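Visitor: I'd like a close look at a single part of this protein. Could you walk me through it once it's on screen?

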Amino acid sequence: MTANTFDSDVAMYFNLGFDDVIAKPYTLEGVKAVLLKHLNQTQVAS
């Protein structure tokens, strides 16, 4: 979760190994969407 969401910041986070970025201010729907995306990927990989 970050307040720094310039394209260059997001690219840096992914280069550092982040799986995703949730920008502030965040919403419950936004957090749920990111969690479900990664949970679904984990279930498919199992």
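Where is the place of Ile-22?

Guide: Bear in mind that this is a predicted model. Ile-22 sits in the loop between H1 and H2. Let's start with its surroundings. Setting aside the neighbours within four places in sequence, Ile-22 is in contact with Met-1, Thr-2, Val-31 and Val-34. Val-10 is another residue you can check against it: Ile-22 and Val-10 are 12 residues apart in sequence, and their C-alpha atoms are 9.9 Å apart in space.

Now for the charged side of this loop. Side chains of opposite charge can pair when their charged atoms come close. Here, the side chains of Asp-20 and Lys-37 form a salt bridge, with 2.6 Å from N to O. Asp-20 belongs to the loop between helix H1 (7-15) and H2, while Lys-37 lies in helix H2 (residues 28-45), so the pair ties together parts that are 17 residues apart in sequence. The count for the model comes to one salt bridge. Both partners can be described by how open they are: Lys-37 is partly exposed, at a relative accessible area of 40%, and Asp-20 is partly exposed too, at 21%. The cut-off for buried is under 20%, so Asp-20, with its 21%, counts as partly exposed.

Leu-16 is also placed in the loop between H1 and H2. Its relative accessible area is 60%, so Leu-16 is exposed. Together with Met-12, Phe-14 and Phe-18, Leu-16 makes a nonpolar surface patch of about 400 Å².

Definitions and conventions:
Residues numbered from 1 in each chain as written. Predicted model: local features only at pLDDT ≥ 70, side-chain atom pairs only at ≥ 80, totals over all residues. Heavy atoms only, no water. Salt bridge = Lys/Arg side-chain N within 4 Å of Asp/Glu carboxyl O. Helix = DSSP H or I, 4+ residues; strand = E, 2+ residues; numbered from the N terminus. Buried < 20%, exposed > 50% of the residue type's maximum accessible area, 1.4 Å probe, protein only. Contact = heavy atoms within 4.5 Å. Patch = residues over 30% accessible without salt bridge, like charges linked within 9 Å, V, L, I, M, F, W, Y side chains within 5 Å. Areas by Shrake-Rupley, 256 points an atom, 1.4 Å probe, with all protein chains shown as cover.
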